[in-house]
Amino acid sequence: MTYVEVDVDAKIDAEVDVDLDPRRDYPLAAHRPDLLRTPTGRRIDEITMSALLAGEIGPEDIRITPATLRLQAQIAEKVGLPQLAQNFRRAAELTSLSDEDVLTIYNTLRPRAATREQLTDIADRLERDHGATLCAELVREAADVYERRGILAG
Amino acid sequence: MSGSAPARRSRRTEILENRPVNLDGFVEEWPEVGMVAMDSPYDPTPSVRVEGGVIVEMDGRERADFDFLDQFIADHAIDVTATEKAMALDPVEIAHLLVDPKVSRREVLDVSRGLTPAALLEVVKTMNVVEMMMALQKMRARRTPANQAHSTSARDNPVQVAADAAEGALRGFRELETTLGVVRYAPLVAIALQVGAQAAVPGALTQCALEEATELELGMRGITAYAETISVYGTESVFCDGDDTPWSKTFLASAYASRGIKMRFTSGTGSEVQMGNAEGRSMLYLEIRCILVTRGAGVQGLQNGSISCIGVPGAVPAGIRAVLAENLIASTVGLECASGNDQSFSHSDMRRTARLLPQLLPGTDFICSGYSAVPNYDNMFAGSNLDSEDYDDWNVIQRDLQVDGALRHVGEAEILAARSRAARALQGVFAHLDLPPITDREIEAVTYAHGSKELPLRDVLEDLKGAQSVMDRGITGLDIVRGLDAAGFPDMAESFLGVLRHRVSGDLLHTAAILTPELETLSAVNDANDYAGPGSGYRPTGARWEQMKRLRHVVSARNPEEEVG
């Protein structure tokens with residue numbers, strides 16, 4: 001399925017400025033539901049059986065938003081896990097990619113699956129079309145290492 | 001080795017010869033090919049050199065000569081600002097920090113984030129197994145221990161998987177894992193596992209172990225709740241043979257997080273030897289590289305403890321000590337550890353218990369990363385160190401030692417009700433989704449069965465068509481929720497929707513997260529291990545201890561004729 005961009009995202013992104021305290025605010029579902037939205041702008045407590053049975057809830061309503069992932073990155077950072085935080089920030093960038101695109105990029109990153117040009121092209125598209133600078137950086141780094149270690153295609 | 005056997009053998013030798021332990025395989029060490037647990041003359045000497053904020057030498061190798069693991073670890077796993085200070089410490093001194101209860105977990109993490117693979121190896125080489133257990137008790141991420149079950153079927157029978165999942169959750173497992181004999185069956189069996197998981201005690205997370213891309217697809221659809229079969233390896237050539245690199249796996253990790261799905265990597269001692277290229281390093285040295293790749297990728301946790309290669313470390317001297325050491329190191333660098341005790345490795349009951357205790361006694365995030373919730377012949381992960389015949393032994397050991405192995409004894413009536421309910425709910429979901437029917441006869445059989453041999457055969461061809469249609473029609477977790485409700489199981493629908501709702505919050509993405517039966521997240525963030533010596537940390541008390549006191553047969557002390565259950 002393709003992720004649908006909606007206006008509410010801009011508002012949620014603004015709320016990432018919140019300064020979270022892991023001890024007080026985590027788990028967010030229990031302590032800060034006010035900060036959580038679905039990609040369609042729904043509040044987490046609006047994901048109910050009655051809404052589902054009324055046909056109001058679709059698969060996009062049980063997906064995480066980039067804003068929420070950045071909040072969780074803040075928590076990871078504050079409990080001393082910078083790599084985990086970085087993973088969440090890369091994930092935030094990937095929320096706007098379709099499942100199919102995500103799987104394609106993954107398969108392209110496998111050893112001997114792509115030329116340097118193909119990897120560079122993916123990195124450029126990630127950056128240009130999705131603002132995915134961290135993921136683009138990861139793919140470019142892979143291209144460099146794969147070249148040095150001889151695991152590009154061909 | 002002794003010479004040829006004498007013509008006349010002693011009766012004692014004959015008796016020993018026939019003990020189950022002598023069916024196990026043992027080999028001598030051969031360090032040149034990596035057949036050595038953790039003490040090899042060919043492992044590198046710890047070193048680090050930082051220039052301009054970049055690690056330019058690590059464990060005796062210059063940056064220009066780094067293989068891709070070295071580079072990934074140096075650039076992503078090790079904290080450049082902490083490494084020179086941490087590497088200046090003596091390995092014995094670091095081991096003391098690990099063992100000393102007065103040194104907090106956090107203080108150890110501040111040191112471990114600067115250590116190279118060879119340095120971590122030197123630290124654990126100074127420790128015996130009791131010291132490692134002391135350290136693990138403090139270093140495991142989550143305060144409350146948990147456990148994971150395998151729920152599989154030799155015939156990929158979804159009805160069986162659902163019933164065993166329900167029983168497993170009732171007995172205490174917080175994660176349930178399945179896999180397949182016939183891979184095309186996966187969608188039906190994954191649905192069955194998910195439905196069964198909600199039947200009695202809700203909130204157990206489910207996964208279906210498959211090839212990486214397929215596993216991700218089932219996760220994205222909300223049919224499974226977490227992923228674990230994301231293998232990493234300790235040498236470049238074996239990593240490539242596994243058709244991945246640290247970068248592809250890092251991308252995959254972010255892909256899971258981008259869908260709000262919990263995941264961990266998998267690795268273990270012996271995999272590189274088994275796959276034929278250990279580059280002459282010890283099993284543990286290579287495993288430490290896997291552990292650091294996991295941290296570098298920003299993954300919250302790791303399943304390790306040799307896992308499917310346990311026969312390899314199990315065959316060499318100090319191999320089981322090395323397996324404990326790998327669990328300890330995963331915990332020591334801040335990862336959730338699902339600590340093995342899964343694939344079977346010994347014919348000896350005594351030996352498989354000895355292999356279990358180093359994880360059970362200190363407690364880990366998941367003591368087994370799969371306990372087989374089915375009989376051995378039904379276990380599609382090639383058997384487990386513990387299986388469904390061992391439930392009572394496990395519960396007695398917990399009670400004897402007052403150690404929380406995260407399981408409990410459940411009376412038969414409750415188990416029968418849970419198994420039957422899971423099968424009936426699956427019958428309803430299959431009918432709702434227009435999948436091959438489940439008969440009342442199957443439900444009756446699975447309620448009372450031990451394994452797949454006692455179940456009516458299903459029409460495999462029809463099931464496989466149904467499985468394909470699940471994928472073709474784009475069925476998601478929400479369709480299963482609707483099916484549960486339509487079939488008259490609104491509470492199960494509600495709890496599965498509750499599990500799916502957690503994707504929106506991302507709370508389960510944090511270290512060692514599980515859901516409680518009340519569907520609350522418990523992770524290293526809000527349930528951080530606070531062990532600080534005697535009188536501190538997690539100890540089973542109160543209601544949990546009362547639960548652990550119950551066994552199949554306990555008699556009244558006042559009236560020995562009366563069973564108190």
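**Rings and a helix pair**

Q: Is F173(B) buried or exposed?
A: In this predicted model, F173(B) has a relative accessibility of 0%. Buried means under 20% relative accessible area, exposed over 50% and partly exposed in between, with a 1.4 Å probe and protein chains only, so F173(B) counts as buried.

Q: How are residues and chains labelled, and which atoms do side-chain values use?
A: Residues are numbered from 1 along each chain as its sequence is written, while chains are lettered from A and ligands numbered from 1 in the order in which they are written.

Q: What kind of pair do the rings of F173(B) and Y371(B) form?
A: Rings of Phe, Tyr and Trp (its six-membered ring) pair if their centres lie within 6.5 Å, and planes under 30 degrees apart count as stacked, over 60 as edge-to-face and the rest as tilted. Over all chains, nine aromatic pairs are found. In the pair of F173(B) and Y371(B), the centres are 5.5 Å apart and the planes stand at 55°, so the pair is tilted.

Q: How many residues apart are F173(B) and Y371(B)?
A: Helices (H or I, at least four residues) and strands (E, at least two) are DSSP runs, numbered from the N terminus. F173(B) lies in the loop between helix 8 and strand 5 of chain B, whereas Y371(B) lies in strand 12 of chain B, and this pair links distant parts of the chain, 198 residues apart.

Q: Is Y371(B) buried or exposed?
A: The relative accessible area of Y371(B) is 0%. Y371(B) is therefore buried.

Methods
This is a predicted model: local features need pLDDT of at least 70, side-chain atom pairs count only at pLDDT 80 or more; totals for chains, interfaces and linings use all residues. Side-chain values use heavy atoms; hydrogens and water are left out.
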